Amino acid sequence: MNKIAEYTYLQLYVVLLIIVLLINLDIMWKYILHLGGLAIIIGIIGAFVLKKTKEEKSILNFNKILVIFLVIFSLGLIFRLVPYFSNQIPLGYDPGIYKYIIEEYGRHLPNIPETELASWITFLYEPGLFVFTDLLKIIGISTQQILTYLFVIFCTIVSMPIYLVTKKYFNRDIAILAAFFYLFSLAQLQTFWFMYYKNIIAIFFLLIGLYFIDDKRIVPLFLTITAIGFFHRPTFLLFTLIFVIYTIVNIKDKKLFFRNCLTFLISCLALIPIYYYRFSDAIVGLATESFSQPGSGTFLNTSQFQFVTLIYLPLAIVGLFYLIKRKEYKSPLLIWFAVNLAIVLFKLVFYNRFLIFFDIILIILASAGLYYSILRNDSLNKWLKIGIISLIVLTSLFNSYQFVSNTRPLITDSQLSVIEWMNNTEDNASLLATSNYYSPWVLGYSGRNVIVPGLFDTDKWNKDQWQEFWSTNNTTYVKEMLSVYPKPLYIHITENQEGINRDKFSDSCFEEVLNANETIIYRYRC
Amino acid sequence: MLMRQLSIDIGAKMIDTIIFSALIMFLPGFLLVRFFYNEADIIEKIALSFGLSVAIVTLTVFYINFFFKIPIILTNILIIDFVICLTIFAVGSMLNRKAL
């Protein structure tokens, strides 16, 4: 029975890897089979393959581990640099917003502008990243470098705490596998593309926090918990849930219980000054909105996520069963998996964004699954093991290279240069951005006060009024709406924007000052 | 001549940035790891050094500016960094001696 399960598991897993490879080669259609279901079935079959393993020494010595780590780290770094070989524009939707806030903080140096910030910034953005970028700017790193090359380095360097945590809870062979899966995970490359800067740095702290979770010293854990709260609230929520559950299930260990309670209390006290001026926006406002209108958050949805994790999803299920079989119910990894799964499954706050964390725990479990079900399986031939590992490496590298080589920024150089042209206008000019797609770029790169319908604090009209504004050719109505904004006022429109009646701009109050690269900028003169 | 001077300036600026980056993003954490987690391997040490350094320095700079209004300028950052390193070194040495 066990032999049958073993062969079925291996054969099906190899077939799955080949299918994933063929899909990425465009030879097969990705919806031809319900691959997510197949991956879960393979994982469950794989659970039967697990044998009681006695604690054994690592297969590889540390020198080999170090060489492998250096190779995969360099490859991961190069893969993330590929989009910047022929382009200097940061990736994702948000770089314009990040640039704006980084420069806003920089403008207030040598102080931190806690009371001077617009409420949309204090509502959406924690201060941690921007205090950190202040330091980086002071030591000579430019905003452009922070948004491009430094982000590439931060994304790649997360492989180190993944190694750290995996080594602590399993061993260093599994840790190197986890670092590999992370560096070439499509979900993590998506995070890189979306430029979730705060998320990436907070993941670093989350992993270090898990490393210190049962440590007898208070200071490192205190620093890590405070840093998570300082950099990213959703990560803080996840870590708090893991930490609290871990502390409660280990209540028999009185020392650990009191130490954890004390550390958490001190960390919360340390967070008070950080959120002192922004409590109503950042905590009350966000909590109210999260519970009254829970959003999914911009990221892959669950079915897309299932597809991008196909390579290691079956292995993660095997890894999960490994922990259950060993009765490691109190393991922080198992708690992380359960909490994260609950958030995603029950569609709680920003559940799609929590897939980023879920991917990391899947990666850690998958590495354990691969190790115990295949690499440490004595009944398997050495060449079969090498073959499977090679197939995993080949498929992962091919998928991720294909992803990064097709990655482009959302805006072209010429479109950006039109936005940057606004820097030549009057210092006190305002710019009305008409498209949600371009508004973050306009905000970050125009160097002027930006008005965006529905976003930021400068918006003074509701959605219906703006819709009327776009569709009408009634210039009196348009002028009335524009009259509330400071002058001189410019309007940014792209030629492919739908639903905008341009007849109104033929009025003498509007002067076309720039028409280039499918973008028009009008100056409002009345 | 001008080009040569320019490249020397750029090179010197880059070296400055690398040294300051190491002081802010590596050294305080490295000292902490050196004293308290010396059994970790080099990959673990780099991860812990980077994470703890960013946490210590960024938080300290924030609190010092928040409570004492000390301006965030390069000299002050370096002094803060130096004090943090010195404190870790002193406490680490003291505790290690006690353990011996």
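Rings of Phe, Tyr and Trp (its six-membered ring) pair if their centres lie within 6.5 Å; planes under 30 degrees apart count as stacked, over 60 as edge-to-face and the rest as tilted. By that criterion, 55 aromatic pairs are found over all chains of the whole structure. This is a predicted model, in which local features need pLDDT of at least 70 and side-chain atom pairs count only at pLDDT 80 or more, while totals for chains, interfaces and linings use all residues. Residues are numbered from 1 along each chain as its sequence is written, chains are lettered from A in the order in which they are written, and side-chain values use heavy atoms, without hydrogens and water.

**Aromatic pairs**
- Phe204(A) and Phe50(B) form an edge-to-face pair, because their planes are at 70 degrees, with ring centres 5.1 Å apart.
- This pair crosses between chains, joining helix H12 (residues 197–212) of chain A to helix H3 (residues 42–68) of chain B; helices are DSSP runs (H or I, at least four residues), numbered from the N terminus.
- Phe204(A) is buried at 3% relative accessibility, and Phe50(B) is buried at 11%; buried means under 20% relative accessible area, exposed over 50%, partly exposed in between (1.4 Å probe, protein chains only).
- Phe66(B) and Phe67(B) are also edge-to-face, with planes at 85 degrees and centres 5.1 Å apart.

**Charges over rings**
- A charge sits over a ring if NZ of Lys or CZ of Arg is within 6 Å of the ring centre and within 35 degrees of the ring normal.
- The charged end of Arg217(A) lies over the ring of Tyr37(B), 4.8 Å from its centre.
- Phe66(B), buried at 16%, has the charged end of Lys69(B) over its ring, 5.9 Å from the centre.

Methods. Helix = DSSP H or I, 4+ residues; strand = E, 2+ residues; numbered from the N terminus.
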